[in-house]
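Have it open while you read.

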Amino acid sequence: MGRPTPRPRSDAVEIFTSIEGYRAWRNGLAPDATVGFAPTMGALHPGHLRLVAESRKANAFTVVSVFVNPLQFGPAEDFSRYPRPFDEDVRLCREAGVAAVFAPEAADFYPPDFSSYCEVEGLDEFLDGASRPGHFRGVCTVVLKLFNIVKPRRAYFGQKDIQQALILKKLVRDLSVDLEMQIVPTVREATGLALSSRNVYLTPDEKTRATALSRGLFLAREAWARGERSARALTGILRSEIESSRPARIDYIEAVSQADLRPAETLSGPSVLAVAAFYGKTRLIDNVLLD
Ligand code: AMP
């Protein structure tokens, strides 16, 4: 068996807003057709399109979901103002060779009597899990439901949201979900700033200052490559770079083990250095892998 032949670009992209509509299309594919899946909240940028490109290399069909999932937003977060440029998202998907966009309505996806949730214990005690209570329960619930609808062979997630990717990998393993998880490197602007749908909230000045996140992460990674293993030293390098960029607030700076996402004093195995900070009212996250 050779590699699957991806559909040529510029084919029409199918758009489904109902679960039934998507399922009818999915059931019409050949039984051995490979589907690659990239779940998103829309406002697509080249980071999302990198997931699509990876999927197209390995699967006959690529499906993108566009769904701003209310379950993963806290009450004081940006759910209602999150950008929703749907027509532009569809255009980008079509140009990228996506076969189908699944964009359900929240009211259909979560009927009023919805009451089933999915949680991965243990990996959400630090980093975003500590700052955003209930966030990963919302993420795990939506992604498991999407997996059940989309029925992918492979699913693609960005390293940009490393805690999310590692939690979902564990979910797939623990619950024997029958698919392969792929983690795709973070796509950045030339300045180093990680692409994010939330970057549109930044003023030009905030955007310039926020480049300190990646600069600090890269400086710390260089120190790690030279042999520095003290978490205090590595987070210190990152913190001083970020503090000099006058963020409104640093939420966390942590060096954690990739295995359990817990802070370690001395980094021994594969680790992650991660940061969340506010520039103006916008909360940005970024990380580098140390492995
Ligand atoms: P979102 O729409 O922000 O929920 O992101 C959807 C998917 O795209 C997640 O798997 C993200 O980790 C991934 N993603 C977001 N930004 C980037 C980026 N700059 N580089 C690579 N993947 C990304």
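1. The protein has 10 helices and 9 strands, taken as DSSP runs numbered from the N terminus (helices are H or I, at least four residues; strands are E, at least two). Bear in mind that this is a predicted model, where local features need pLDDT of at least 70, side-chain atom pairs count only at pLDDT 80 or more, and totals for chains, interfaces and linings use all residues. Residues are numbered from 1 along each chain as its sequence is written, and side-chain values use heavy atoms, with hydrogens and water left out.

2. On overall shape, the radius of gyration is 19 Å, which agrees with the value near 19 Å for a compact globule of 291 residues. That radius is taken over C-alpha atoms, and the globule rule is 2.2 Å times the number of residues to the power 0.38. The C-alpha trace spans about 55 × 40 × 40 Å along its principal axes.

3. Of the 291 residues, 53% count as buried, meaning under 20% relative accessible area with a 1.4 Å probe, protein chains only. Among contacts (heavy atoms within 4.5 Å) with a separation of 6 or more, 74% are between residues 24 or more positions apart.

4. Just after α9, G227 takes a positive phi of about 115 degrees.

5. A210 sits in the loop between α8 and α9, and A210 is buried, its relative accessible area being 0%. Leaving aside neighbours within four places in sequence, A210 is in contact with L193, Y279 and L284. A210 and L284 are 74 residues apart in sequence, yet 8.3 Å apart in space, C-alpha to C-alpha.

6. Is Q159, in a loop, buried or exposed? Q159 is buried, with a relative accessible area of 13%. The loop in question runs between β5 (154-158) and α7 (162-174). Not counting residues up to four places away in sequence, Q159 touches I183, V184, P185 and T186, and also N287, V288 and L289.

Key
Buried < 20%, exposed > 50% of the residue type's maximum accessible area, 1.4 Å probe, protein only.
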